[in-house]
Amino acid sequence: MAVIAQQQIDDLALAVAGLYGRAVADPADANMVDAVARLWEQFDYKETPLAILQIFLHALEIGYATAVQDVRAGVFDDDIKLWRPRLAEAAAE
């Protein structure tokens, strides 16, 4: 297994922090903390260095915030009708 240099970890942390700042800028996304916490509880990384854990946690939050933003923007509106046909039928009534 290749050893990761501290500089590589620092560079990755900086890149993820930049993405985090752009993706999680909306205060309306504050409720995502609970959703991410529920997902986070499924993992057991007690021996992982804190810097790596922070990168991983920020990556989860970025993904969640981006998905929520896509839902708000209507990116999945047509797909939702396929995924949840009863919901579309109820809305039509």
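1. Start with the length of α3. Its 24 residues, at 1.5 Å a residue, should span 34 Å, and its end C-alpha atoms are 34 Å apart, so the two agree. (The expected span is 1.5 Å times one less than the number of residues; helices are DSSP runs of H or I, at least four residues, numbered from the N terminus.) After α3 comes G74, with a positive phi near 85°.

2. A word on what you're looking at: this is a predicted model, where local features need pLDDT of at least 70, side-chain atom pairs count only at pLDDT 80 or more, and totals for chains, interfaces and linings use all residues. Residues are numbered from 1 along each chain as its sequence is written, and side-chain values use heavy atoms, leaving out hydrogens and water.

3. Now the packing. Helix α2 (residues 32-40) meets helix α3 (residues 50-73) at about 125°, with the axes 10 Å apart. Axes here are lines fitted to C-alpha atoms over the stretch in contact, and angles run from 0 to 180 degrees between N-to-C directions.

4. Who touches whom? From α2 it's M32, A35, V36, L39 and W40; from α3 it's L53, F56, L57, L60, E61, Y64 and A65 (contact means heavy atoms within 4.5 Å).

5. Have a look at E61 in α3. E61 is buried, with a relative accessible area of 9% (buried means under 20%, with a 1.4 Å probe and protein chains only). Beyond neighbours within four places in sequence, E61 contacts Y20, V24, M32 and V36.

6. Other buried residues of α3 include L53, I55 and H58. The cover over α3's buried residues includes α1 (6-23) and α2.

Note on methods
Helices (H or I, at least four residues) and strands (E, at least two) are DSSP runs, numbered from the N terminus. Buried means under 20% relative accessible area, exposed over 50%, partly exposed in between (1.4 Å probe, protein chains only).
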